[in-house]
Amino acid sequence: MGNMKSRIKLSVYAIALMMMGVIGITSALATIGANFPEASQTMVQNLIAIPCFAIIPTTIIVGKLMETVPKKVIAAIGAVCFLTGGIVPAFATSSFAFILVMRAVLGVGVGIAQVVSTALVADNFTGEEQQKVQGTLQASQMGGIAVMVFVGGWLADIQWNYVFYVHILAVVTLLAILFVLPMQNVGAGKGEAGEKHSVRLTKATWLWVLFMFCIFISVQVYSIFLSFLVQERGLGTAADSGLGLAFFAIGGVVMGLLYSSLVKVSGKCSVAIGCFMLSASYFIMAYAPNMALCHVGSLLLGMAVSTIVPGIMIYTGQTVDAFSVGMAISLVTCAQNFGQCVCAYIVNPLAALFSDGANMNFVAFMIAGLLAGALAAIILVWGIRGNRADSIK
């Protein structure tokens, strides 16, 4: 059993390398846009939005498939989609539309990775061990994106289409899935007495789905506006933006490893702490006079995400019975990506409305900071009440 769990952990961490693959090219968005002058900023940002749109139905489909198909098989398909959709655009330098299609294929791979990895944790671990594995999963995905965004910014400075080669990292994932992840049996959906189970979601489940949607509208501002903010403020190049995203990932790795310790101290207030950190990071970057301070904000934002996401995943799983966990995780993952999808279409008009035309990206960061702050106040109330209830038990 111990060896089985170790193999599952290693496989989960390998799958997690793909989980934030959608933003692997964000450090080069401005550079890519310069090579397609007919494309607006919003259209260029679709390189991030389109995969997120593809992830939305994927997460729901995977939630159902996991009831009958082994997770090992589903995960392998995801890795192949990630590699295909990620690398092929490096050779499609003349068609922006085709690149968008391939980005959708990549999104399918990411969606599978997001659901299967978290479901494997929920199925095989409980209590403090679950918190540690979920935190390390978060650290692993941040490590994967750190490699992609840092190398991606450097490759984009050589030639814009080289940035797509960063997705080769998923070869590691595919090998782990094929040779390390055990082939576990899939339950037939029957209870001990032979009755057929059905998915039962609660009001609390849907509240976490809504919260995840809102918080990721804020989080996504960083991914799709950082490169443009750096350019707007004259702070640096695509490589500098890539380094900023690398700091984001480093912060995520550090906090992912410390997550279980944070929960011991703060209990259910951990999500609120993450939201306050998220809000502060946006204000720091919005007013940063140089890349050094911008990197500090990026580091803090990465720590915030690695505090928020594990908590939401764990608390969502606790709102339903064991049979319904897979679908609950699928829905909250769907909400995460839907928030990422609509971010540009919500924030761009608001930023244009409140900016003077020359500081639109600065205003976008301010909007994200205010949204995160408001959500932090709301979830803090829930956390305090939850901690009080737990102390009485």
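The dialogue below takes up salt bridges, then a helix face.

Guide: This is a predicted model, where local features need pLDDT of at least 70, side-chain atom pairs count only at pLDDT 80 or more, and totals for chains, interfaces and linings use all residues. Residues are numbered from 1 along each chain as its sequence is written, and side-chain values use heavy atoms, without hydrogens and water.

Visitor: How many salt bridges does a search of the whole structure find?

Guide: Side chains of opposite charge can pair when their charged atoms come close. Here the search finds seven salt bridges (a side-chain nitrogen of Lys or Arg within 4 Å of a carboxyl oxygen of Asp or Glu).

Visitor: Which residue forms a salt bridge with Lys 5?

Guide: Glu 129 does, with the closest N and O atoms 3.4 Å apart. Glu 129 sits in helix α6 (residues 127-158) and Lys 5 in helix α1 (residues 2-16), so the pair ties together parts 124 residues apart in sequence. Helices are DSSP runs (H or I, at least four residues), numbered from the N terminus.

Visitor: What else does Glu 129 meet in a salt bridge?

Guide: Lys 9, at 3.4 Å, N to O. Lys 9 is partly exposed, at 26% relative accessible area (buried is under 20%, exposed over 50%, partly exposed in between; 1.4 Å probe, protein chains only). Shared partners join Lys 5, Lys 9 and Glu 129 into one network.

Visitor: Which residues of helix α7 are buried?

Guide: In α7 (residues 170-179), they are Ala 170, Thr 173, Leu 174, Ala 176 and Ile 177. They lie on the same side of α7 because they cover an arc of only 165° around the axis, taken from the directions from the helix axis to the C-beta atoms.

Key:
Helix = DSSP H or I, 4+ residues; strand = E, 2+ residues; numbered from the N terminus.
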